[in-house]
Amino acid sequence: MTLLVHTFVRGRSGKPHLLDDPPDGGDTAGFESCRTDLWGSERVRALGARFLPELASYDLYVEPEDIEDFLAECELLRPHAGELDAHCGYREGYVGERLANITAAARRAQDVGGGVLVW
């Protein structure tokens, strides 16, 4: 299985509605194992992440009011992508590519007043 990242908006009922995938196909957030091996790892937590580690336990919904903080978390992790690749045993560039997809979804959410779902 693969973790996916999507931008969503909430309808009148409060139910999230996923927006169309980006044309470049950048909707992957990692392997299913990334929930614990990467995003939920102690190393990511030690870097100060608070949103992405939630994936170790459940799907992540980042609500519109938290998008700015979520983008800041992505930027916090970006300079450490290479060391996270090595620590997790991923090929060089893997974590940076996943962070780019997640960041792009968050920027789309920011543009439409929506949120981000990683599942």
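**Salt bridges up close**

Mentor: Start with Arg 10 and Glu 63, whose side chains meet in a salt bridge at 2.5 Å, N to O. By that I mean a side-chain nitrogen of Lys or Arg within 4 Å of a carboxyl oxygen of Asp or Glu. This pair links distant parts of the chain: Arg 10 sits in strand 1, Glu 63 in the loop between strand 4 (60–62) and helix 3, and they are 53 residues apart. Helices here are DSSP runs of H or I with at least four residues, strands are runs of E with at least two, and both are numbered from the N terminus.

A quick word on ground rules. It's a predicted model, so local features need pLDDT of at least 70 and side-chain atom pairs count only at pLDDT 80 or more, while totals for chains, interfaces and linings use all residues. Residues are numbered from 1 along each chain as its sequence is written, and side-chain values use heavy atoms, with hydrogens and water left out.

Arg 10 counts as partly exposed because its relative accessibility is 38%; the scheme calls a residue buried under 20% relative accessible area, exposed over 50%, and partly exposed in between, using a 1.4 Å probe and protein chains only.

Next up is Arg 35, which forms a salt bridge with Asp 59, the closest N and O atoms being 2.6 Å apart. Arg 35 lies in helix 1 and Asp 59 in the loop between helix 2 (42–46) and strand 4, so this bridge ties together parts that are 24 residues apart in sequence. The two partners fall into separate classes: Arg 35 is buried at 13% relative accessibility, whereas Asp 59 is partly exposed at 33%.

Then look at Glu 75 and Arg 78, where the side chains meet in a salt bridge at 3.1 Å, N to O. Both partners come out as partly exposed: Glu 75 because its relative accessibility is 37%, and Arg 78 because its value is 31%.

As background, side chains of opposite charge can pair when their charged atoms come close.
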